[in-house]
Amino acid sequence: MTHHPRPRDHGPVRVHGTRFRYADGTPFHPWTTSVPQADDDTLRALAGSPFTKVRLLSATLPLDRLDHQVRALGAMGVQAEVMLHGRDIPETVTRLAGHSNVWWCAPPDPEAQTDIQEHDHGHHPLTVHGPPDTDFGAPWITHASVRHPQTRAVSGLVQDLCKPVLVDDCGAEGDDPADSEHALPGAELVSRIWEAVCRGGYAAHAESWGPRPWSAGGGRLDGTAVARVAFLRAVLDAAPPDLAHTPQTYDASTLEAPGHVLQYLGPHRYPRRPFDLPEGTWRVEVLDTWNMTVRALDDACATGTGTGAVVELPAEPYLAIRLRRR
């Protein structure tokens, strides 16, 4: 197995408003994928991927191996979310709570959640997983882990819960004949992830190709979405940490911070988009989220008199617009 240098340790991840940050204040964006376990082949695949968080789904993996895999993921700088349903909670939590990169996915039973809190001396992120009508409101549930194909719902959930929202199951790229949501084209999965991000939340990657797919067996990433997730990760890493969804300003999925706008247009083929910008000169870029290109346009000059600026577009699908004040 290839050995990679240990990344800088920023400490454990904590909730910061509706986002996450490491203990040292560095922003953390959960680029998530799901596998049953992180064996050596899976760890090799993850080492070359954009993912910063892995959901470990197996409830039957022996605790010694689970402990080893959480430790190995931590050495790569990857957060490990452990499914506790079907496990001995006191034993599992006590054993793993010393790892700074562990997260918990709890059963919906309040008594089980109490057990987790009693044995988690590290006070790690804790969630339950379910559809949007799941009760995520308990104060010890740090964030929502949602199962929903319509990732545009993220913005409403963030507003209602005032917590981070991760759509950790929004479908899978693949060819599963038994489940249409696990037979999505890569472009559809990528679009769902972009929609979630540009509405103030996050969505997870999954793959369901062939007889032993990644999300059921790990081992190898075969899909087209992974490289596009890496592109989105680079876009968000270059943005201010205080980006927030602004539905009151634009009809499309949009994140804004002072001096920065990121808008995702999805499958719509707009020939142009208007923007109401503060006074100044703005760098304008069109991002092709599928072909992973960034094209600079002429600067936009906003006068602050309400006239706004209009960005001309090639009327193609899956574009995003990034505006940055010079």
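This is a predicted model: local features need pLDDT of at least 70, side-chain atom pairs count only at pLDDT 80 or more; totals for chains, interfaces and linings use all residues.
1. **The three-stranded sheet.** Strands E1, E2 and E3 make an open sheet, in the order E1-E2-E3. Pairing is antiparallel. The edges are E1 (13-16) and E3 (27-28). Each has a single partner strand, so one side of each lacks a neighbour in the sheet.

2. **E1 with E2.** Four bridges join E1 and E2 in the antiparallel sense. Valine 13 has tyrosine 22 in E2 as its bridge partner. The two strands form a hairpin, with two residues between them. Look at glycine 17 in that turn: its phi is positive, about 65°.

3. **E2 with E3.** Strand E2 spans residues 19-22. Its pairing with E3 is antiparallel and rests on two bridges. Here arginine 21 stands opposite proline 27 of E3.

4. **E16, a buried strand.** Strand E16 covers residues 260-264. Five of its five residues are buried, so the rest of the structure largely encloses this strand. Burial means under 20% relative accessible area. Both faces are covered. His260, Leu262 and Tyr264 lie on one side, with Val261 and Gln263 on the other.

5. **E16 with E15.** Strand E15 (residues 253-257) pairs with E16 over five bridges, in the antiparallel sense. Alanine 257 has histidine 260 in E16 as its bridge partner. That histidine is also among the buried residues of E16. The E15-E16 hairpin has two residues between its strands. Glycine 259 in this hairpin takes a positive phi near 80°.

6. **E16 with E21.** Strand E21 covers residues 319-325 and runs antiparallel to E16, with five bridges joining them. Tyrosine 264 stands opposite alanine 320 in E21. Tyr264 is buried, on the side of E16 that also holds His260 and Leu262.

7. **Helix H1.** H1 spans residues 40-47, and its buried residues are Thr42, Leu43, Ala45 and Leu46. Viewed down the helix axis, these fall within an arc of 160°, so they line one face of H1. The cover over them includes strands E4 (32-35) and E5 (53-56). It also includes helices H2 and H7 (214-217).

8. **Helix H3.** The buried residues of H3 are Ile89, Thr92, Val93 and Leu96. Their arc around the axis is only 90°, which puts them on the same side of the helix. Among the elements covering them are H2 and helix H4 (110-119). Strands E6 (79-83) and E7 (102-106) are also included in that cover.

9. **H2 against H3.** The axes of H2 (residues 63-75) and H3 (residues 89-96) come within 10 Å. They cross at roughly 35°. The crossing is right-handed. On the H2 side the contact uses Leu63, Asp64, Leu66 and Asp67. On the H3 side it uses Glu91, Thr92, Arg95 and Leu96. By type, the contact residues divide into three nonpolar, one polar and four charged. Thr92 and Leu96 of H3 are also listed among its buried residues.

How values were computed
Residues are numbered from 1 along each chain as its sequence is written. Side-chain values use heavy atoms; hydrogens and water are left out. Axes are lines fitted to C-alpha atoms, for helices over the stretch in contact, and angles run from 0 to 180 degrees between N-to-C directions. A crossing is left-handed if the near helix is turned anticlockwise from the far one by less than a right angle, and right-handed if clockwise. Contact means heavy atoms within 4.5 Å. Ala, Val, Leu, Ile, Met, Phe, Trp, Tyr, Cys and Pro count as nonpolar, Asp, Glu, Lys and Arg as charged, and the others, Gly among them, as polar. Two strands pair if DSSP finds at least two bridges between them. Buried means under 20% relative accessible area, exposed over 50%, partly exposed in between (1.4 Å probe, protein chains only). The arc is that of the directions from the helix axis to the C-beta atoms.
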